[in-house]
Structure formats: C-alpha cells, structure tokens
Amino acid sequence: MKKSIAIVEDERAIRDNYAAAFAREGYAVRGYPNRREAMTAFAARLPDLAVIDISLEDEPEGGFELCRELRGMSAELPIIFLTARDSELDAVSGLRLGADDFLTKDLSLAHLIARVNALFRRVDALRRPPEEKQVIRRGALTLDSERMSVLWNNEVVLLSLTEFWIVYALTKHPGHVKNRQQLMDAANVVLDDNTITSHIKRIRRKFQVVDEKFDAVHTVYGMGYRWVE
Amino acid sequence: MARFLELLKTGPISGFRLRTKLLLLALTTLALPWAGCQYAREMETVLRESEQQSLLAVTTTIAGSLKGRKELLFRADSLPGNGGERDITPMVLTGAPLIDGRADDWDSDARSLVRAVGPGGDSLRLLAATHERWLYLALLVHDNRWIFDASDLNSLDPGTLGDRVWLAFDDKRGGQQRLFFGSTGPGPVRARRIETLEYGRETAVEEPRIEGVWQRSPDGWVLEIGVPLSMIGQHLGVLIDDRDRRGAPRASYGTLEASDLRATGRLVAASPDLNDHLRQFAQPGVELRVASASGALLTRLDAPALPGDYTKLRGFLPRMYRLFFDGSIIPRSVSQAERERAAQELTARAARGKAATTLVAGRYENSVIVAAAAPIFSADGKQILGVIQLAQTADRWLTLRDRALTRLLNLTLFVTLFAVGAAFWFAGRMTLRISRLGAAAETALGREGNLARNLPETESRDELGDLSRSFSSLLGRLDEYTGYLRTLAGKLAHEIRTPLTIIRSSLENLESEAQASGGMGQAPGGLGENAKVYIARAREGSERLGAILAAMGAATRVEEAITHSDRQRFDLAALVRATVDAYGGAFPNRRFACVVPPEAVELNGAPDLIVQMLDKLVDNAVDFSADGATISITLQADAAQAEISVANPGPPLPAEASTRLFESLWQSRAEPDKRPHFGLGLYIVRLIAEFHGGTAQAANLPDNSGAVFSVRLAR
C-alpha cells in the first residue's frame, strides 16, 4: 500500500509542487492549506508522515500547534517542519515539540525526498528488532544508524534527523576534522555557516541534557568540528 | 542694518566664541559712563556760563555804582593817562614789601616806573606800589659815588652834607610837605622836615610816620620808603641832591621842581575811600580789582575765604575719571604771571567799553577762575574812568561736577561689572548647554539604537529646548529610518524566499517530469535540449537569487546569533592562530602573516562570533588586495583588552569612510564584482566587537599603501 504524506502549507504553489514531487516518488499525498482542515482530516485518518509549515494562513505559529496536537494523537508519526525563516529553526528546537526534522524552504526537492525516505526507513527499522552491525559504539555513545537513534550512557538523546546525520558524520571517523561543507553534505542540507554552528550548538545542548559533562564535540577554529572520545 | 548684520556674520568677531561675543556685547554698557560724562559736561558748561553771567551782572552793578564818581576812584583831580611823565602810578601789591633797602622783592612794572637822569651818567629809577594803606617807594639810583652826611646833628649845615633825597607831596589840606633823607651811613633812615623856628632859625624835625632804609647797591644805592597813604594828597615827587663830595654843590634831578621842591607829578592811585566803597560788595571767594582805563591797577580786594569744603576729591578713581573725561575745557594750571597777564587782557577788553568775561586757570591743577570785567563810565557816559574786575574761583561747581561725575561713574562701573559678569555667566551657561547638546547630537548620530531619548535640554522651555526637541524628533525619525533600512534587507529576504521556493520547486519538478517522461521514450512531456539549457539557466538564476537573499539576511542572522550567544573563556591567541592557518587553504592567492603573542590570551566571549568576525575582516582584506598580496593579522593584548588588526595592501580608504565604514548598508566598492555585497560585512564586525564590549576602527597604513582594520575587545 502506498505510504500517505500530508502537506500542510498555506502557499498553494509550494504545496502543489511538493505534492507533485512526492507523488512522483510513489507516495499518496494530500495537501491542506490550514490547521483546521488538516485536523479534520487527521481526525478521520492519520497520514504516515506530515510535512508542516510553521506559519499557516492567519496563524503565524499554527504549525507548532498542529504538531503538538498530532504528536498527541501518535507518538511515532514522523513530522517534518518547513520554515521560511532561518530564525525559526531556533524557535523550533527550543520548543522541542517532538518533530523529527526541521528544514528551510531553500532545501531542494531531492533533499526533501531523501529525508522523507530516511524517516520512513527509520519507522520501519523501529518496528524490527535492532541489528548489531548497524550500531556504532564510541565510549558512552551508542548510535543506531538504521533506527537513527542515539544513546549516551544508555539514555536516549532526542536528535532531529539533521542533527543525527551530523553526529553520525562526526562519529564515523572520530578525531577527524569535518568541515562545514562535509557536515552539510552528510546532513543533506544546504546551510550557511551560522546554521551549522547553531546545529552543533544544539547537539551539544541536547547531549548535555543527559550528561552535563558532555564535551565530545570539539570546534577546530577555521576548519570545522571533530568528535573526541 | 543689513550690512551691520553681514559684518557680524563675516566680520572680525565672527570667529569668536559665543562667550567672547557676549562679553564684548556686555562691554557696550561702558557707553553709559561716556553718556554720563557728556551729560556732566553739558551741566558743567551750563553752570559755568550761568556763573559767568551772574558774575558779569555783579560786576556791571558795581561798575554802575561807581559811575561818574571820579573822586572815589582817584586821588588826582584830573584823569589818569593824560598827565605828565612825572606822574606816579603805583602798582598794587598783594603783600607788603619788606622795607630793607633791597629792591629784589619788587615787581618791576613798567607803569609804576619813573625814570630821571642826572648829571654825569647818574640816573634814578623810581618804583611805586601800594598795599593796604601804605605807599611804598623804591629809589634805585645809579651813582658812582655815594656821599654820606658828616653828622646827624647839624644836618642843615651845607658844608657837612652828602647825598640827599627829597620827598615832597601835597597833603589833604592843600599844604606842601617837604621831607628829606640824609644819612651818615647805610641803614634805616628817618625822613626829616625843615621847620623854621622863631628868628628864622631852621631845624630838622623827624617825621615818625615815614619809614625808610638806605642801602648800597652794586651800581649805586637804593632807598626804600614807606609812607602812609593818608598823609598824601594828589601830588608826589622825589628829588635827589647828588654831591660828589661832602659839602660840594648839589646836582639835583628827580620829579620835583628843583627850584622850590614842589611836587607836580600826580599820584595816580585809588582814593582812600574806594576800598571802603568796594568792601560792601565783597563776597566770599570773589576778588575785586579796580584799574584805571590805562590798565594800571588801582586797588584790589582779596577774596575772603570760601565757606565749606570745596577741595578736590582725592583717590584713585576720581583721578582716573578726571584723566579720562576732563577734556580741553579746563585749562591746566598756569603761573602767577600768566594769570596776571590774563587779568590785564580782560581789563584791556573792558577798557574798550564793553563788559567781558573769561576763564583763567587757577593756581592748582584743574582749578578754574571765572573773571568778569566792566568799564566804569564817567557821569556823562562818554568817558571810561576805569575798569572793575571780579574774579571768582570756579572750584565750587568743578567740585560739584566732580562729585556728581564720580558718583555716576562709580555707579556705572558697578553696573558694567555686573552686566559683564551676568553676560559672562549667561554666555558660559548657554555655551555649555549648546556644546552639551551639540556633543549629544554628534554622538547620537554616531551610534545606532535609541538615538533620540538621551538628548539634554528637552525639558527646557526656551529656544534651546525647542532646538533640542527638534533634534530629538529629527533623530527619532532618522532612527526609524535607519532601523527600517537595517531590517529592510532581512524582511525583503524573507518575503522573496517564498516565491523563490515556488520557482525552485517548480523547476525541480519540471526536470523530474522531463527525466521521468524522457526515460519512457519520446513522450509528449519530454524536453528538448534547448529547454534543458533554459532550465539550467533558470536554476542558476534562482541559486544566485538565493545567495543574494542569504547575504541580505546575514546581518539579521548575526544579530539573532548574538542574542543567543553564550560567553565562555577561551584562548584568543590559539583561536587566531588556528583560524589564520585555515585561511591559507581558503584563499590560495593570498599570503597570510600572523603575529600572535606566544602566551595564551584569555578572553571571555563567543569564539564562534570571533571567528565569524575574523572571516569578515579577512574577506574584506582579500577583496581589496591584489593576488599574491600579504595580509597580516596581528593580535596584541594587555590586561584590559585585546586588539586584533587585519592589514592589507591596496587602495587607501576614502576620506569619509573611517567613520561610516562600520555602518550598516555602507560600502565603498568602486567596481561591482560578482558576489552580492550589501555593506554588511563590517557592520557585522562592529556588532560582534560591541558584543564583546569593544570597538572597531579603520585607518590607512602610515604610508597610504593600504588599510588596516582593528577591533578592540574587552577581556
């Protein structure tokens, strides 16, 4: 059966373009211009994945509200935020609404589809028993590349998809400096330096939530970052 | 008026500070004392003229009372001036001469001098003077030989006689008095008269009322005589019996008839009653003189003392005032002789028939004598008998004027000082306020943020307050405007992003569709080669647009990043070293020289932001330097702050750049290059420097071979 994707986006042209791209990939797509219509549809049937714009018609932060309600209905449903403003990334991360990823609209359709595919893969992986070969262990870190989950001292660190890919890229070759471009490629995003910096900052903060002494991500000024065990 | 204003703007005082100008303005109050002086002078002129007029009136009145009263004026029954050469016109002395046989205390007045020439080159000069009730005579005799009497006892024996002097006058009863002086040696002598006793015997009787002293002089001898005026009638004369040896025949010469010793020369002098008559007109401070029509002084009544204190004011200020404001109207002090001459001139003017008045300088500096003279006419009014002259010191009104002037000047000086002080204070306060406002306005323009709120003076209700409020609202608007401009880029970037996303996703869809249909063979939806080129171009265009948007939003992102930044302690030296190492790879066409102290430079800040700041500075240095140029990055630090400088060879900064370089949306690129620039790079540098409690500055290298940008950070 086709996987269904819901796109909640008030800009019709973007919504239709995204829908067309997802449809081409073989997904069943439904689009909603606002929170009310989306919730009505979600109440009848939940989609397999939701792509939500933050500002919806008359609600500047309607996407957040929608995300919260959706997460209340399903804990596993993958949710991707789309934002027009870079600054909203910080707001999203701060709210910790349980979204699986947040992306700017600069992102190309190919990258977007890659993410969607990745998230579906993760959902599938979570349903299967964990496979040891997919797991990377680096000291206190346990990283499951299939399920895209991260444990630190056996505690779950809730990373978004982008953050997970950055951590994955860093930990694959610990001690090696990854520059910003390499990190961006790994995360399938096109971001400016600031955004990478704030992603790194958020990753550190999320690890520090479970371990105050966390200090494994080092900045190499002028070069990039590296994972230190 | 317009020219005056123009002069104020461009003239010599236009360069002065406000305070100096106001001070000069305050000095114009010095015109007050000047005006006061003019007024005082006017007053003085009026006073003086009225004084002169009243004195003239008094003079004319006295002259009227003497009209036709010849007998009161003169002893002689005939008028003076038309008499013979034997007339004696005594001068009027102010003090009695000492009768000592020396003539050196006499003024030699031509009018009172009578000459007589004797035989053998001998001569007589006769001086006459009156003082009070005495007539004084001085006989200056040139005589080659002075012969004394042999004895006092037989002074009538012709054989014993030496030189002898006869004095003869008619007395009031009409009789003739003949007296002689003879002496056995120099010294006091008595006048003697010859009286005939019974049997015709003659004897010499001393006249005790007449004094005399006989002395030798270098060329002869001098006989000085004092005779009471009451004894003398209208005629007077002297005769000298000159002998070459004792008992020799006499050689007589003088003003007497040698034959009968009768006096024919008249005594031209005031009648004894004149003084009594004049005394009734005497006033304090007024001197009276009566002169004959020929100018010979008949009598003088000295001024009784002036009541009250009219002496000159003393002290420094009055002296200064007099120095500055007494002009030419007050003559300087003159000698006694000059005053006499002036009095004689006035008399001469009156003697021509018309009353006259004049000002004469007094004995002391700045003292003035007002004099008036009027002719005394004969009864029929056709002849001028004499002249009466009144003189009065003007010290009284001069002193009054001085006092008024001094008081006025003291007052105006005080007022001026006060005005100058007030003007100085006011100007100082005004200047302070204006410069404070100016400084505030300048700094308000220099920085971003809340410009309008901190201006001083906005509470004041005067024009400065208005100015300040105008400034405030102007700066407020400017603030809004720059704020709008600053956020415009970010807003635009955001607004353009949505349509850009539409274009981009549409292009991607188009490509994907083409690939999908192309893959299934020549379906109608497939794209030709040309269409692919166009799509590629459209993608390229949209990517460039995306880059532009990213650049436009950069400042906004940095501002947001700053608000979310956490400070931490880190080693700035290591950071700079590592970062500069990395630039070598990023810019292979430039060389980088890095001067960093070997020890750690601890800084409390956000290392990410510092790196970003360095990136911007190095970007800037790379942009403005040629390939192969060396960009030097220097870190210096002291206890309080650290300074990072990035210097590059290249064109010097434009003149206006040094203050504006670090402002938002400012750029001085001469040639646009391919990368989008919004003048935000150095603005970001400044934002980050300010976040670290520091400043950013730009300057040219000392030899103008390039520019150096430096950032100071508080440690």
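H2(A) and H3(A) are roughly parallel to each other, a label for angles under 35 degrees, with over 145 counting as roughly antiparallel, 65 to 115 as roughly perpendicular and the rest as oblique. Helix H2 of chain A spans residues 35–44 and helix H3 of chain A spans residues 62–73; they pack at an angle of about 10 degrees, with their axes 10 Å apart. Axes here are lines fitted to C-alpha atoms, for helices over the stretch in contact, and angles run from 0 to 180 degrees between N-to-C directions. Helices (H or I, at least four residues) and strands (E, at least two) are DSSP runs, numbered from the N terminus.

This is a predicted model, in which local features need pLDDT of at least 70, side-chain atom pairs count only at pLDDT 80 or more, and totals for chains, interfaces and linings use all residues. Residues are numbered from 1 along each chain as its sequence is written, while chains are lettered from A and ligands numbered from 1 in the order in which they are written.

Which residues join the two helices? H2(A) brings Arg35(A), Ala38(A), Met39(A) and Phe42(A). H3(A) answers with Gly62(A), Glu65(A), Leu66(A), Glu69(A), Leu70(A) and Met73(A). Two residues are in contact if their C-beta atoms, placed from the backbone, lie within 7 Å. By class, this contact has six nonpolar, one polar and three charged residues. Ala, Val, Leu, Ile, Met, Phe, Trp, Tyr, Cys and Pro count as nonpolar; Asp, Glu, Lys and Arg count as charged; the others, Gly among them, are polar.

**A helix pair in chain B**

Chain B holds another pair. The axes of helix H11 (residues 554–563) and helix H15 (residues 681–691) of chain B come within 10 Å and cross at roughly 10 degrees. That makes H11(B) roughly parallel to H15(B). On the H11(B) side stand Ala554(B), Ala555(B), Val558(B), Glu559(B) and Ile562(B). They meet Tyr683(B), Ile684(B), Leu687(B) and Phe691(B) of H15(B). This contact has eight nonpolar, no polar and one charged residues.

**The two chains**

A residue is buried if 20 or more other C-beta atoms lie within 10 Å of its own, exposed if 12 or fewer, and partly exposed in between, with C-beta atoms placed from the backbone. The table sets out the make-up of each chain.

| Chain | Helices and strands | Buried share |
|---|---|---|
| Chain A | eight helices, 12 strands | 44% of 229 residues |

In chain A, 55% of the contacts between residues at least 6 apart in sequence join residues at least 24 apart. In chain B, residues 24 or more positions apart account for 66% of the contacts with a separation of 6 or more.

**Where the chains meet**

The contact takes 25 residues from chain A and 27 residues from chain B. Helix H1 (12–24), helix H4 (87–95), helix H8 (193–210) and strand S11 (217–220) of chain A each supply at least two residues of the side that touches chain B. H1(A) gives the most to that side, with seven residues. By class, the side of chain A that touches chain B has 10 nonpolar, seven polar and eight charged residues.

**Cores**

A nonpolar core is a set of buried Ala, Val, Leu, Ile, Met, Phe, Trp, Tyr and Cys residues joined through C-beta atoms within 7 Å. The largest has 83 residues. Leu137(B), Leu139(B), Leu298(B) and Ala371(B) have the most contacts inside it. Strand S15 (residues 368–377) of chain B gives the most to this core, with eight residues. A second, separate core of 60 residues includes Ala50(A), Ile54(A), Leu103(A) and Phe164(A).

**Inside helices of chain B**

Helix H13 (residues 607–623) of chain B has 17 residues and reaches 24 Å from its first C-alpha to its last, close to the expected 24 Å. That expected span is 1.5 Å times one less than the number of residues. H13(B) is mostly covered, with 14 of its 17 residues buried.

Ala493(B) lies in helix H9 (residues 463–519) of chain B. Is Ala493(B) buried or exposed? Ala493(B) is buried, because 23 other C-beta atoms lie within 10 Å. Leaving aside residues up to four places away in sequence, Ala493(B) touches Leu549(B), Met552(B) and Gly553(B).

**Two loop residues**

Asn153(A) has a phi near 55 degrees, a positive value in a residue other than glycine. Asn153(A) sits in the loop between strand S8 (149–152) and strand S9 (155–157) of chain A. Asn153(A) counts as partly exposed, because 13 C-beta neighbours lie inside 10 Å.
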